[in-house]
Amino acid sequence: MTFQEQILQGIPDKLPAKKSLKEGVNRAPKRKDILTAEEKKLAIKNALRYFPREWHAELAPEFAEELNDFGRIYMYRFMPEYDMYARPIEEYPAKSRQAAAIMLMIQNNLDPAVAQHPEELITYGGNGAVFQNWAQYLLTMQYLATMTDEQTLHMYSGHPMGLFPSHKDAPRVVVTNGMMIPNYSQPDDWERFNALGVTQYGQMTAGSYMYIGPQGIVHGTTITVMNAFRKKLGSGVSPAGKIFLTAGLGGMSGAQPKAGNIAGCITVCAEVNPSAAHKRHEQGWVDEIIEDIDTLVARVKEAKEKEEIVSIAFVGNVVDVWERFYDEEITVELGSDQTSLHNPWSGGYYPVGLSFEESNDLIRNNPSKFKEKVQESLRRHATAVNKHAASGTYFFDYGNAFLLEASRAGGDVMAENGIDFKYPSYVQDILGPMCFDYGFGPFRWVCTSGKAEDLRKSDQIALEVMREIKSNSPAEIQQQMQDNIRWIEEAESNRLVVGSQARILYADAEGRSKIAEAFNDAIKKGDISAPIVLGRDHHDVSGTDSPYRETSNIYDGSRYTADMAIQNVIGDSFRGATWVSIHNGGGVGWGEVINGGFGMLLDGTEEADRRLKSMLFYDVNNGIARRSWARNDEAIFAIKREMERTPELKVTLPNLVDENLLDQL
């Protein structure tokens, strides 16, 4: 069968043979054995409903075995035979070009060159899933291949509930992931209900089909690291020869060494999984690999003395590095962590003193002991960071729940008031006031032709638009504009593409709309050979309510509310988005965040031009309005400026209170 025929087939007519699991695949760790005997029967029953009854006798014991061996039912037998990657849009069988674009994005998320655990349908973050199982993938691709522009596909945590009649201006797909009743949103609830096959963790851009490989976080990390060094060293001081010490080289975290190189420092990134470290080295995302800590110490001392710009992957535990660097009196200017601590008990963070294999064995066979070891490690980790901070290290939480889990483990990370953490989130100190409050966030696009020349043309278009905007921008956003102009100028030479021909930059509503409009015009004229998919990270101005990350610089008491994210996805859906998504749990942990995203197809038509202007304006200014109501000075400036430019925009502004008045009460 051809690729197109296999897509159109969906669930095959004949039961395929059972597959042997491939060697050398980066496989997801076994999940917690949390179901009762009766619940395991229910999980198998739930899985079997995708298939004809006459297959059940053969599939039931196989699914029971998968549940026992992996803690989940992935349905490996139904993995497609064709290679998984983002094909040019014309190669997809589809009645709707919008649907074909979504198929392309789904396959990009599952491309083994992109995905962390591709055979378990997990894109990044240890548990950020596109689907729960391969039957869901097959059905979804079939639905997308057969739907029209007057239907909408509704996705319930990876499950395609079905095609419903709608209209051309409606989203083609509406995605929800992990939407739980609040009292059932603890970490063990995810383990239980995901094992039952009724919900999933979509991370942020995994379950919304908008992941573009590590490039997305390379840019955000580059902006963060550059500005962190500015805070630490002062403006104009080079970070060459200065250390950025962190951990994680898996999915999103694999971007850190590349970002460090672009920012111009020494990056030391510890990773306990040798295959993850070697994969990043082979991809060119990290310069050197060192497996012995004595060798690491010597190499770092040499790099500091020579003021090098270099990235080093250390195969080992970052706690050992923090402690040894302190003993060796190696100054660490900048410190953070990007292990998957939103998933601390299932392989997101590995304890010091145990090998990778020993830890995985504990996860499988003694999860309570593993949790104990993780919490011991977090306490040591926090103590080591504190010692360096006392010597001048600028440490920031990179939104991975490090401080949150360290505090829960009893680590010394709380401020004197017992409420706040002693170290800021990078959003509190950097991205919030410097970017999000002004409306700057991670705008991205994918060239559906798959051609590098189309990406090159789009880079040039974006660069021309940004230079024009910068020439008329106020002083408050000149640095943001210049950082992103530099980013695009160097993007191709930095070899950022993994998987689809995609790009990202930080832009505000004006920038996003003008860039998108220019893209649409270029497609119409044939200067770009095929449609472009627009999107963004959920980690943005408006998309996410996350009190320990995206909205950590909201100080009016509303950072634990999720109105903004819900309003965002609803507002985008009727303003022209091609697809929308809303998730529980992305980035910092299940039950800790609500986050939403969108995708939009630009095909050179007047309809696309109308939609992009309406939707992109709201998608950004919704968040600026909320941030201004929280009394954030930068957001007040930004929303006032937008209201002056857009008379139809009327936003409720706060009346500021004299603090002295409150002190007298």
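I began with Arg 380, which forms a salt bridge with Glu 323, the closest N and O atoms being 2.7 Å apart. I note at once that this is a predicted model. Arg 380 lies in helix 13 (residues 367-390) and Glu 323 in helix 11 (residues 318-327), so the bridge ties together parts that are 57 residues apart in sequence. I then looked up the accessibility of both partners: Arg 380 is partly exposed, with a relative accessible area of 37%, and Glu 323 is partly exposed as well, at 26%.

Next I turned to Arg 536 and Asp 619, whose side chains meet in a salt bridge with an N to O distance of 2.7 Å. This pair links distant parts of the chain, since Arg 536 belongs to strand 14 (residues 532-536) and Asp 619 to helix 20 (residues 606-629), 83 residues apart.

For the total, I recorded a count of 49 salt bridges. One of them is the bridge between the side chains of Glu 65 and Lys 18, at 3.3 Å from N to O. Glu 65 lies in helix 3 (residues 56-70), whereas Lys 18 sits in the loop between helix 1 (3-9) and helix 2 (37-48), so this pair ties together parts that are 47 residues apart in sequence. Glu 65 counts as partly exposed, at 40% relative accessibility.

At what angle do helix 2 and helix 3 pack? I noted an angle of about 130°, with the axes 10 Å apart, which makes helix 2 oblique to helix 3. The crossing in which helix 2 passes helix 3 is right-handed.

Which residues of helix 2 meet helix 3? On the helix 2 side I listed Lys 40, Ala 43, Ile 44, Ala 47 and Leu 48, and on the helix 3 side His 56, Leu 59, Ala 60, Phe 63, Ala 64 and Leu 67. Sorted by class, this contact of helix 2 with helix 3 has nine nonpolar residues, one polar and one charged.

Conventions:
Residues numbered from 1 in each chain as written. Predicted model: local features only at pLDDT ≥ 70, side-chain atom pairs only at ≥ 80, totals over all residues. Heavy atoms only, no water. Salt bridge = Lys/Arg side-chain N within 4 Å of Asp/Glu carboxyl O. Helix = DSSP H or I, 4+ residues; strand = E, 2+ residues; numbered from the N terminus. Buried < 20%, exposed > 50% of the residue type's maximum accessible area, 1.4 Å probe, protein only. Axes fitted to C-alpha atoms, helices over the stretch in contact; angles between N-to-C directions. Parallel < 35°, antiparallel > 145°, perpendicular 65-115°, else oblique. Left-handed = near helix turned anticlockwise from the far one by under 90°. Contact = heavy atoms within 4.5 Å. Nonpolar A, V, L, I, M, F, W, Y, C, P; charged D, E, K, R; others polar.
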